[in-house]
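Hello,

Here is the structure I promised to pass on to you. Please have a look at it first, and then read on for what turned up in it.

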Amino acid sequence: MDIPSAAPRDFSATNFLSRKSFVIGLSVIALLLLSTSPFYASRYTVVLLTTIFMYIVLTVSWTLFSGPTGYVSLAPAAFFGAGVYTSALMGFVLPLPAIIVLGGLVSSCLALVVGALTLRLRGIYFVMFTFGLVELLLHFILWWEVNITGTTGRVVPTLDNTTVYYLMLSILVAVILTAYFIKKSRFGLALQSIGECEEAAAHTGVHVTALKVTTFAVSAFFMGTAGAVMATRWTYIDPRIAFNLTLSFLPVLMAIFGGMGQLYGPILGAAIFTYLEEFLITRFPYYYMLIFGIIMVISILYLSDGLVGLVQKLWNRSWRVKHADT
Amino acid sequence: MPILEGKEVTKYFGGLAAVSRVDFSVEQGQVVGLIGPNGAGKTTLFNLISAALKPKSGSIKFKGTDITDLTPYKICRMGVARTFQTVKVFPKMEAIDNVMLGSFFGVLRGMSSSEAFGRASEILEFVGLEEAKATPAKDLTLSNQKRLEVARALATNPELLLLDEIMAGLNQTEVAQAMDLITRIREKGITIIMIEHVMRAIMSLCDRIIVLHHGRKLAEGTPQEVASSEQVIRVYLGEKRHAGSK
């Protein structure tokens, strides 16, 4: 388990440069392929990719906050739902870009309030509160719609698949860049210090409350924008569709499956997880949950650091074999 | 003007007075020892000074400014750094990153990454951990983890350093190294308050000693005065043949 952290760093310039240019090159190729795929890929692929992008956005933004700090938030569904509802309420009023940004901002504000109230809670209490938040919002809006507006559910103006695809891809790129720069910065270091020993972080000059609440809000922003975009794919939404608890659990599972030590972990985890689910549903409609469950159990038992841990283990092994004769 | 001044500082845990109306005053450049039996309120007093806890009553002033109601990060940035009785390093972070956090956040004027890296490297060298730069803190020995905590505290540019039992659990050689480190920190002009049970260290390093007992200040004075005080011998030091390891 400790192999990744115990492995000596290679500071030699050539190795560093080649690794960096490799990652940049790969990202550019991936981005080129993804940004042109609506021209040659099938309609099904485009829709599936959009779903994968959505899960990557949720998982990366979840990991942005919960990964380093260790505060396990089950609020993604609340922030996603807030974005969905913003889209539903403003769909016929505001232009599309404004709706998406507004969806993000509404979620951020929600996160600021919730964060200021609850981020002093540690461990299981924080988990339970964020879990409760989804239910609270769901039932509050249900109550509001039944008693105040007298409606349930709303119609959302729809967009064509390609537009939704490009919007989601843009949010995906934005969230990955944000996560990358936070991780590389001093704030990334501070977030990690909070996760490892919050008390010592505070006594080393880190304004832990401000940092936690702000990062929580940044993470919620991207979830909100994703919700605002996805709402347009559903035509009709009601509170139970918007605030779906599955969307709170899946990002957590995907992040664990992918591994949180590296930025590519949650990306890989979400992509493979979503594809696997889709593949199993279409091929084995009757056994899909069973197979899926077995895969989850195996990966938790044997991949304690997720796919990242596996990749690093294989990498170290091949590196050792290559250098064994020196 | 004293660098640190406490008036009637009081803290209750439930009905128990952990620290009760304690006055203290520390002059710039001094090394002050804080001793007393377990449960006397020494660490609680550190927690009150560094704002980990809020006092029930009384006031604490740092360089004439009232810091009683401030939060830990502000007090750290003002120039009061601390270590912990039970080691609290960031276990998975490399030693250099532990220290860099202090350079980034513990100072009033922010610095660039390369500046922070340079300073953190110097400080690691100062405490004798230059070899362990890239080692995750959890893989260091207890003695080295304690040095790392001191390094992290020094990275915040403190004027006052609170050391909570940095010699507990160390062997003779390591105690000697820690004593040398404290002397060198003092030579930088940093004021030190240290909680310690190693009497040899306390007696040779401190200018003044404060003795706490049941949350109250029992005695205060030079090491000689404290060591010869009847009361202190009775509650803490024990009979003469046990007093210190001289």
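In chain A, the residues A:Phe187, A:Ala190, A:Leu191 and A:Ile194 of α8(A) meet A:Val208, A:Leu211, A:Lys212 and A:Thr215 of α10(A). Sorted by class, the residues of this contact are six nonpolar, one polar and one charged. Helix α8(A) covers residues 186-196 and helix α10(A) covers residues 208-231; their axes come within 11 Å and cross at roughly 105°. That angle makes α8(A) roughly perpendicular to α10(A). Before going further, please keep in mind that this is a predicted model.

A second pair of helices in chain A is worth a look too. Helix α12 (residues 246-258) and helix α13 (residues 264-283) of chain A have axes that come within 7 Å and cross at roughly 115°. The helices α12(A) and α13(A) are therefore roughly perpendicular to each other, and the crossing in which α12(A) passes α13(A) is right-handed. On the α12(A) side, the contact is made by A:Met254, A:Ala255, A:Phe257 and A:Gly258. On the α13(A) side, the contact is made by A:Gly265, A:Pro266, A:Ile267, A:Leu268, A:Gly269, A:Ala270 and A:Phe273. By class, the contact of α12(A) with α13(A) has eight nonpolar and three polar residues, and no charged ones.

Now to where the two chains meet. The contact takes 17 residues from chain A and 24 residues from chain B. On the side of chain A that touches chain B, α8 and α9 (198-202) of chain A each supply at least two residues. Strand β4 (residues 57-62) of chain B is joined to β5(B) by two bridges, and the two run antiparallel. In β5(B), B:Asp66 is the bridge partner of B:Lys61, and B:Thr65 is the bridge partner of B:Phe62. The hairpin of β4(B) and β5(B) has two residues between the strands, and B:Lys63 takes a positive phi near 50° there.

Is α1(B), residues 42-49 of chain B, buried or exposed? Eight of its eight residues are buried, so this helix is largely enclosed by the rest of the structure. The buried residues of α1(B) are B:Lys42, B:Thr43, B:Thr44, B:Leu45, B:Phe46, B:Asn47, B:Leu48 and B:Ile49. Just after α1(B), B:Ala51 takes a positive phi of about 70°.

Lastly, there is strand β8 (residues 191-195) of chain B, which is mostly covered, with five of its five residues buried. From β8(B), B:Thr191, B:Ile193 and B:Ile195 point one way, while B:Ile192 and B:Met194 point the other way, and all are buried. Strand β8(B) pairs with two strands named here, as follows.

- Strand β3 (residues 31-35) of chain B is joined to β8(B) by four bridges, and the two run parallel. The bridge partner of B:Val31 in β8(B) is B:Ile192.
- Strand β7 (residues 160-164) of chain B pairs with β8(B) in the parallel sense over five bridges. Opposite B:Asp164 stands B:Ile195 in β8(B).

With best wishes

Terms used: Residues are numbered from 1 along each chain as its sequence is written. Chains are lettered from A and ligands numbered from 1 in the order in which they are written. This is a predicted model: local features need pLDDT of at least 70, side-chain atom pairs count only at pLDDT 80 or more; totals for chains, interfaces and linings use all residues. Axes are lines fitted to C-alpha atoms, for helices over the stretch in contact, and angles run from 0 to 180 degrees between N-to-C directions. Angles under 35 degrees count as roughly parallel, over 145 as roughly antiparallel, 65 to 115 as roughly perpendicular and the rest as oblique. A crossing is left-handed if the near helix is turned anticlockwise from the far one by less than a right angle, and right-handed if clockwise. Two residues are in contact if their C-beta atoms, placed from the backbone, lie within 7 Å. Ala, Val, Leu, Ile, Met, Phe, Trp, Tyr, Cys and Pro count as nonpolar, Asp, Glu, Lys and Arg as charged, and the others, Gly among them, as polar. A residue is buried if 20 or more other C-beta atoms lie within 10 Å of its own, exposed if 12 or fewer, and partly exposed in between; C-beta atoms are placed from the backbone. Two strands pair if DSSP finds at least two bridges between them.
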